[in-house]
Amino acid sequence: MRLAPSSDKRAVAEKAAVSINAPPAKARSASGERAWQRMLSGRRLDLLDPSPLDIEIEDIAHGLARVARWNGQTSGAHIFSVAQHCLLVEALARARVPRLDSRQRLIVLLHDAPEYVIGDMISPFKAVIGDAYKATERRLLTAIHLRFGLPAKTAPDIEALTKTADRQAAYLEATRLAGFAAAEARKFFGRPPAFSAAMERDFLRPWPAQTAEERYAERLRKLIEE
């Protein structure tokens, strides 16, 4: 079932689509190669000029549930997906700042949402590629935010919180799933967070893709409806 935005959010998205798509829509890159991806929803998302109107909850959840963190170099019968990672980051942010409202939690949950289109690249490879990846990621995240009625630019305090929770999640994933020793993980990701056994059982055992997709979509809808 597709969750349609409210009339107000649809109006915001339509205005945003005009503003961020001011140049003529581009279906091809400068080299003439195709620069859009067709989604299972039927949407065709242009990476050079993404429109908020072409972004669907189902596409995000489906894609993120099938993108592997750590290039798939994790233990377990299933990949540790970006969808599961995003849910872990949001849970850590809530534990750190319980007063977060639903819009702020939604921003945290969507922090890696562009990866449903462009995949998850490990940080060392992002450093090799440079600004091209980051620019594409920024364009997509802006369109995603506008699709769900969020500010195009994240407030500095929420951005800082998201980065902290993201590094905490990386530490836990590195030590529980990706073969890092604790000292090595602290060097790259900082100190480990306070973390309950229940949260570890729930979020640090890789889920099947269908489970990750359903749980991510359910949480995304809940935060949007709130």
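**Stop 1: helix 7.** Select residues 131-147 and you have helix 7, a run of 17 residues. This is a predicted model, and in it the helix reaches 24 Å from its first C-alpha to its last, close to the 24 Å expected at 1.5 Å a residue. Now show the side chains of Y133, T136, E137 and L140, which are among the buried residues of this helix. Carry on towards its end and you'll find A143, I144, H145, L146 and R147 buried too. Just after the helix, click on G149: its phi is positive, at about 70 degrees.

Stop 2: Go back to R147, one of the buried residues of helix 7.

**Stop 3: R221 and E58.** Select R221 and E58 next; they form a salt bridge, with the closest N and O atoms 3.3 Å apart. Colour helix 11 (residues 209-225) to see where R221 sits, and helix 2 (residues 57-64) for E58; the pair links distant parts of the chain, 163 residues apart. Are these two buried or partly exposed? R221 counts as partly exposed at 22% relative accessibility, and E58 is partly exposed as well, with a relative accessible area of 22%.

**Stop 4: R69 and E173.** Another salt bridge joins R69 to E173, and here the closest N and O atoms are 2.8 Å apart. Look for R69 in the loop between helix 2 and helix 3 (82-96), and for E173 in helix 8 (residues 156-176); the pair therefore ties together parts that are 104 residues apart in sequence. R69 has 10% relative accessibility, so it counts as buried. E173 is at 0%, which also counts as buried.

**Stop 5: R94 and E90.** Finish in helix 3, where R94 and E90 both lie. How far apart are they along the helix? Four residues, about one turn. Their side chains meet in a salt bridge, 3.0 Å from N to O. With the surface still on, compare the two partners: R94 is partly exposed, with a relative accessible area of 29%, whereas E90 is buried, at 1%.

Notes. Residues are numbered from 1 along each chain as its sequence is written. This is a predicted model: local features need pLDDT of at least 70, side-chain atom pairs count only at pLDDT 80 or more; totals for chains, interfaces and linings use all residues. Side-chain values use heavy atoms; hydrogens and water are left out. Helices (H or I, at least four residues) and strands (E, at least two) are DSSP runs, numbered from the N terminus. The expected span of a helix is 1.5 Å times one less than its number of residues. Buried means under 20% relative accessible area, exposed over 50%, partly exposed in between (1.4 Å probe, protein chains only). A salt bridge is a side-chain nitrogen of Lys or Arg within 4 Å of a carboxyl oxygen of Asp or Glu.
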